[in-house]
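Hi,

Here is the model I promised to pass on.

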Amino acid sequence: GNTVEPVLDEGPLDFVGRFWEKVRPRNSAVVISEHVGEIKRKISGDEDTTLPGPLLQGKQVMTNLREAFGPVWQRAEGHVKEAKGEFSKVAREVTEK
């Protein structure tokens, strides 16, 4: 066909980090007035030092999962490609008969 197979630019769990950065609790808010607030930018330091214990552990767990499942995911993709090749081969043989 004339369509291109879509390819993801990131791994299957990479969106979790981006989403967490949007919704995570912040302690850098400063009240300007009763109705106005402002977020201060962090001047220096590591991001992990500002995370509470459970959140830091969760981030480490996600990193470990990503590292552990990376090779498995790649092997699974390889098996899927092999299976697609075998199916197309069988389909060609059936259509030729």
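Below is what I found in it, from the overall picture down to single residues.

First, the ground rules. This is a predicted model, so local features need pLDDT of at least 70 and side-chain atom pairs count only at pLDDT 80 or more, while totals for chains, interfaces and linings use all residues. Residues are numbered from 1 along each chain as its sequence is written, and side-chain values use heavy atoms, with hydrogens and water left out.

On confidence: pLDDT is the predictor's confidence in each residue, from 0 to 100. The protein chain has a mean of 79, with 85% of its residues at 70 or more. Among its elements, H1 has the highest mean pLDDT (85) and strand S2 (residues 37–39) the lowest (76).

The overall layout is quick to describe. There are two helices and two strands in the protein chain, and along the sequence they run α-β-β-α. Helices (H or I, at least four residues) and strands (E, at least two) are DSSP runs, numbered from the N terminus.

As for burial, 2% of the 97 residues of the protein chain count as buried. The cut-offs here are under 20% relative accessible area for buried, over 50% for exposed, and partly exposed in between (1.4 Å probe, protein chains only). The protein chain exposes about 9,100 Å², and carbon and sulfur atoms supply 60% of that. Those areas come from the Shrake-Rupley method with a 1.4 Å probe; for residues, only the protein chains shown count as cover.

Now for the surface. Leu13, Phe15, Phe19, Trp20, Val23, Val61, Leu65, Phe69 and Val72 make up a nonpolar patch with about 790 Å² of accessible area together. A patch takes residues with over 30% relative accessible area and no salt bridge, joining like charges within 9 Å and nonpolar side chains (Val, Leu, Ile, Met, Phe, Trp, Tyr) within 5 Å. Helix H1 (14–23) and helix H2 (53–96) each supply at least two of the patch residues.

Next, the charges. Side chains of opposite charge can pair when their charged atoms come close. The structure holds one salt bridge, meaning a side-chain nitrogen of Lys or Arg within 4 Å of a carboxyl oxygen of Asp or Glu. Arg24 forms it with Glu21, the closest N and O atoms being 3.3 Å apart. Arg24 lies in the loop between H1 and strand S1 (29–31). Arg24 counts as buried because its relative accessibility is 19%, whereas Glu21 is partly exposed at 29%.

Finally, the strands. Ala29 lies in strand S1 and is exposed, with 59% relative accessibility. Leaving out residues up to four places away in sequence, Ala29 touches Glu38 and Ile39, where contact means heavy atoms within 4.5 Å. Ala29 and Arg41 are 12 residues apart in sequence and 9.3 Å apart C-alpha to C-alpha. Ile32, in the loop between S1 and S2, is exposed at 52%. Beyond its neighbours within four places in sequence, Ile32 is in contact with Gly37 and Glu38.

Cheers
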